[in-house]
Amino acid sequence: QVLLVESGGGVVQPGGSLRLSCVASGLTFSGYHMGWFRQAPGKDRDLVADITWSGSTKSYVDSVKGRFTISRDNSKNTVYLQMNSLRPEDTAVYSCAAAPDIRKLWRYWGQGTQVTVSS
């Protein structure tokens, strides 16, 4: 059984930082392309950042470029999302996902962790 478990969400003031983690089990983690998605209330789920199996290539949605950093540690079966300079519009449920290759046909999903940016 494949499990993706996110952690690290919470409430933070504008300008603050959070680091999300997603631990994977039940799959060969190093063989998967990983992504972080977010879904705000009443909106679609959007891809925020993704990273190749080796970590050599990363991509970001324009709204988070320069503020968020995706990384992975294949020895720990974990993908991270470092979020700095957080804004109220970053408030959402953040989920990680795994795809078997770079075509990003996301196969496995985590349950998500809530991030709230509010003063």
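Analyst: Strand β3 and strand β8 (residues 78-83) pair in the antiparallel sense, with six bridges between them. The model discussed here is predicted.

User: What makes β3 and β8 count as paired strands?

Analyst: Two strands pair if at least two bridges are found between them. β3 and β8 have six bridges, so they meet this definition. Within this pairing, C22 stands opposite V79 in β8.

User: Which strand pairs with strand β1 (residues 3-7), and over how many bridges?

Analyst: Strand β1 pairs with strand β3 (residues 18-25) in the antiparallel sense, over five bridges. Here E6 stands opposite C22 in β3.

User: How many helices and strands are there in the protein chain?

Analyst: The protein chain has zero helices and 11 strands. Its pattern along the sequence is therefore β-β-β-β-β-β-β-β-β-β-β.

User: Why is the pair of F37 and W106 called edge-to-face?

Analyst: Ring centres must lie within 6.5 Å for a pair, and planes over 60 degrees apart count as edge-to-face. The centres of the F37 and W106 rings are 5.3 Å apart and their planes stand at 90°, so both conditions hold and the pair is edge-to-face. F37 belongs to strand β4 (residues 33-39), whereas W106 lies in the loop between β9 (92-99) and β10 (108-109); the two are 69 residues apart, and the pair links distant parts of the chain.

User: Why is the pair of F37 and W109 called tilted?

Analyst: Planes under 30 degrees apart count as stacked and those over 60 as edge-to-face, with the rest being tilted. F37 and W109 have 55° between their planes and 4.7 Å from centre to centre, so they form a tilted pair. This pair also links distant parts of the chain, F37 in strand β4 and W109 in strand β10, 72 residues apart. Ring pairs join F37, W106 and W109 into a cluster, and the count of aromatic pairs comes to three.

User: Why is F37 called buried, and why is W109 called partly exposed?

Analyst: Buried means under 20% relative accessible area, exposed means over 50%, and partly exposed lies in between. F37 has 6%, so it is buried. W109 has 32%, so it is partly exposed. W106 is buried, as is F37. Buried residues make up 40% of the 119 residues in the protein chain.

User: What makes R103 an exposed residue?

Analyst: The relative accessible area of R103 is 59%, which is over 50%, so R103 is exposed. R103 lies in the loop between β9 and β10. Its C-alpha atom is separated by 8.8 Å from that of H33, 70 residues apart along the chain.

User: Which charged residue lies over the face of W109, and at what distance from the ring centre?

Analyst: R45 lies over the face of W109, at 3.7 Å from the ring centre. The distance is within the 6 Å that the definition asks for. Elsewhere, the charged end of R72 sits over the ring of F29, 4.4 Å from its centre.

User: How do you know that the protein chain agrees with a compact globule?

Analyst: A compact globule with 119 residues would have a radius of gyration near 14 Å; the protein chain has 13 Å, so the two agree. Along the principal axes, the C-alpha atoms fill a box of roughly 40 × 25 × 25 Å.

Definitions and conventions: Residues are numbered from 1 along each chain as its sequence is written. This is a predicted model: local features need pLDDT of at least 70, side-chain atom pairs count only at pLDDT 80 or more; totals for chains, interfaces and linings use all residues. Side-chain values use heavy atoms; hydrogens and water are left out. Rings of Phe, Tyr and Trp (its six-membered ring) pair if their centres lie within 6.5 Å; planes under 30 degrees apart count as stacked, over 60 as edge-to-face and the rest as tilted. Helices (H or I, at least four residues) and strands (E, at least two) are DSSP runs, numbered from the N terminus. Buried means under 20% relative accessible area, exposed over 50%, partly exposed in between (1.4 Å probe, protein chains only). A charge sits over a ring if NZ of Lys or CZ of Arg is within 6 Å of the ring centre and within 35 degrees of the ring normal. The radius of gyration is taken over C-alpha atoms; the globule rule is 2.2 Å times the number of residues to the power 0.38.
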